[in-house]
Amino acid sequence: MNQYKRLAANTIIFAIGSFGSKILLLFLTKLYTANINPADISTKELLEQTANFIIPIVTFSITDAILRYGLIRNYDKRKILTSSYVILGLGMCVLLVCSPLLKLLPYTDGYLWLLIIYVFTSSLRSIHSQFVRARGLVTLFAFDGILATLTLFIFNVIFISFLDLGVTGFLLSVICSDLLSAIFLWWIAGLRKYVGRQYISPKMSRLMIKFSAPLIPTALLWLVTGFSDRLFLRYMNGPSGLVGETAAGIYSVASKLPNLISTVSTVFYQAWNMSAILENDSKTRSHFYKQVFSAYESFLVIASAILIVFVRPFSNLLIDSSTYTEYAEAYRYTPVLIVSVLMMCMNQFFSSIYSATQHTSHSFWTSLVAAIVNLLLNWILIGTFGITGAGIATFVSYFVSYVIRVRDARRYVPFAIDHTRFALNLVILFLLSAISVYTPPGWKVMLTIGLFFTIAYNFSAITSTVRRIIKR
């Protein structure tokens with residue numbers, strides 16, 4: 001199978017497994033906003049982000065190494081999985097010893113042990129799913145994504161809607177869903193035969209940690225970029241009604257619709273990361289990257305434009321403001337977050353270059369720049385503009401990282417990028433955002449014209465790639 005067809009086939013499989021299930025998860029936003037007040041929504045988001053912050057530390061970001069070395073036949077998969085368990089076990093021991101430090105975070109009060117269990121089950125599921133993916137069982141990987149989402153949805157309905165457990169119900173839902181997924185993959189994929197004392201390999205463990213170690217701070221820094229704005233909004237002084245627990249909760253809800261863009265990117269990235277590793281030594285690598293990047297950018301821009309143009313009806317569909325009327329204004333902050341997520345997705349593409357060429361340290365320092373910019377701008381802008389300031393800070397930090405990575409990553413895989421087209425796309429998206437939020441006279445006509453122009457301007461890059469897939 002040629003490189004384009006392999007990428008297309010894997011993308012379709014991952015899309016089937018992810019996109020429908022992610023949309024289902026979006027509708028959980030309606031359940032949350034109907035049953036949880038904005039202050040508790042903020043607590044839920046902070047606990048979730050805290051778990052995501054801890055997981056790379058506990059696992060040493062080993063899931064990236066599982067995929068990187070698991071796809072290469074020269075490495076023993078039994079040693080890879082066994083080493084992953086050993087590393088996770090050591091990480092959990094360290095977490096238990098350090099758990100009293102988590103009590104210093106005020107929002108963990110009453111949730112500490114659930115948070116620790118959340119970290120373990122999510123880490124275990126991630127190890128199993130990435131190992132299955134590394135073995136080439138992409139259909140099973142995709143099916144597990146559907147199953148995990150379905151169980152998460154059911155548990156949320158039971159624990160939050162029926163039992164009214166609020167934040168506790170959310171944590172229990174994730175724990176139960178991830179645990180069932182880990183058990184399912186262990187059983188169906190026959191992971192037992194890949195584990196044993198005889199497969200414990202210090203050499204393999206060191207190799208995986210050496211690869212993954214730079215990705216730990218990278219993962220943490222990206223989380224800081226998405227995490228700090230919520231903390232600043234919740235605890236910083238600023239405009240009345242635009243900072244505090246309620247404002248942080250509204251900001252969290254406003255970020256749910258942009259996650260659709262992240263979902264599209266994740267579906268593609270799962271397939272693309274595998275192709276980037278497998279095609280790392282290909283003679284046509286640069287042209288392959290150019291073609292794929294152009295189509296990737298165009299697709300994300302079109303998807304972003306559609307979400308921005310229809311932000312009001314989409315928000316009404318996903319957010320229930322009948323109980324807590326504060327959520328009704330969340331849509332105003334969504335467009336800038338959509339463009340921010342677009343920039344995050346563009347950064348993600350370049351991280352695949354660092355992973356494929358084993359220059360993961362560059363992921364770290366470029367992420368460090370983004371995190372520093374984000375922290376500084378949050379401190380400057382949130383105090384003045386509140387929720388809007390947080391959105392602007394997020395966009396600028398991702399944009400700065402993108403500019404650096406465009407230059408740095410292409411030293412390892414040179415390929416052409418149309419910077420003029422990308423700059424014009426950003427201008428159009430921000431114009432559409434302003435029109436959607438402020439609704440000047442004739443705004444519907446302007447949005448319609450803007451959307452059709454965006455699609456026409458970007459469509460050729462997508463059709464060009466599709467023709468190559470069909471031709472080959």
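Modeller: The expected span of a helix is 1.5 Å times one less than its number of residues. The model discussed here is predicted.

Biologist: How far does helix α3 reach from its first C-alpha to its last?

Modeller: Helix α3 covers residues 38–59, which makes 22 residues. At 1.5 Å a residue, 32 Å is expected. The reach from first C-alpha to last is close to that, at 32 Å.

Biologist: How many of the residues of α3 are buried?

Modeller: Buried means under 20% relative accessible area. α3 is mostly covered. Of its 22 residues, the buried ones number 17.

Biologist: At the start of α3, which residue has a side-chain oxygen that reaches the backbone nitrogen of alanine 39?

Modeller: The oxygen comes to within 3.1 Å of that nitrogen. A polar contact needs N or O atoms within 3.5 Å. The side chain belongs to asparagine 37.

Biologist: Which residue follows α3?

Modeller: Its phi is positive, near 60°. The residue is phenylalanine 60.

Biologist: How do the rings of phenylalanine 349 and phenylalanine 350 pair, and what is the class?

Modeller: The structure holds 20 aromatic pairs. In this one, the centres are 5.9 Å apart and the planes make 80°. Planes over 60 degrees apart set the class. The pair is edge-to-face.

Biologist: Which arginine lies over the face of tryptophan 443?

Modeller: Arginine 133 lies over phenylalanine 141, 5.7 Å from the ring centre. Over tryptophan 443, the distance to the ring centre is 5.7 Å, and the residue is arginine 312.

Terms used
Residues are numbered from 1 along each chain as its sequence is written. This is a predicted model: local features need pLDDT of at least 70, side-chain atom pairs count only at pLDDT 80 or more; totals for chains, interfaces and linings use all residues. Side-chain values use heavy atoms; hydrogens and water are left out. Helices (H or I, at least four residues) and strands (E, at least two) are DSSP runs, numbered from the N terminus. Buried means under 20% relative accessible area, exposed over 50%, partly exposed in between (1.4 Å probe, protein chains only). A polar contact is a pair of N or O atoms within 3.5 Å; within protein, one must be able to donate a hydrogen and the other to accept it, and residues adjacent in sequence count only if both atoms are side-chain atoms. Rings of Phe, Tyr and Trp (its six-membered ring) pair if their centres lie within 6.5 Å; planes under 30 degrees apart count as stacked, over 60 as edge-to-face and the rest as tilted. A charge sits over a ring if NZ of Lys or CZ of Arg is within 6 Å of the ring centre and within 35 degrees of the ring normal.
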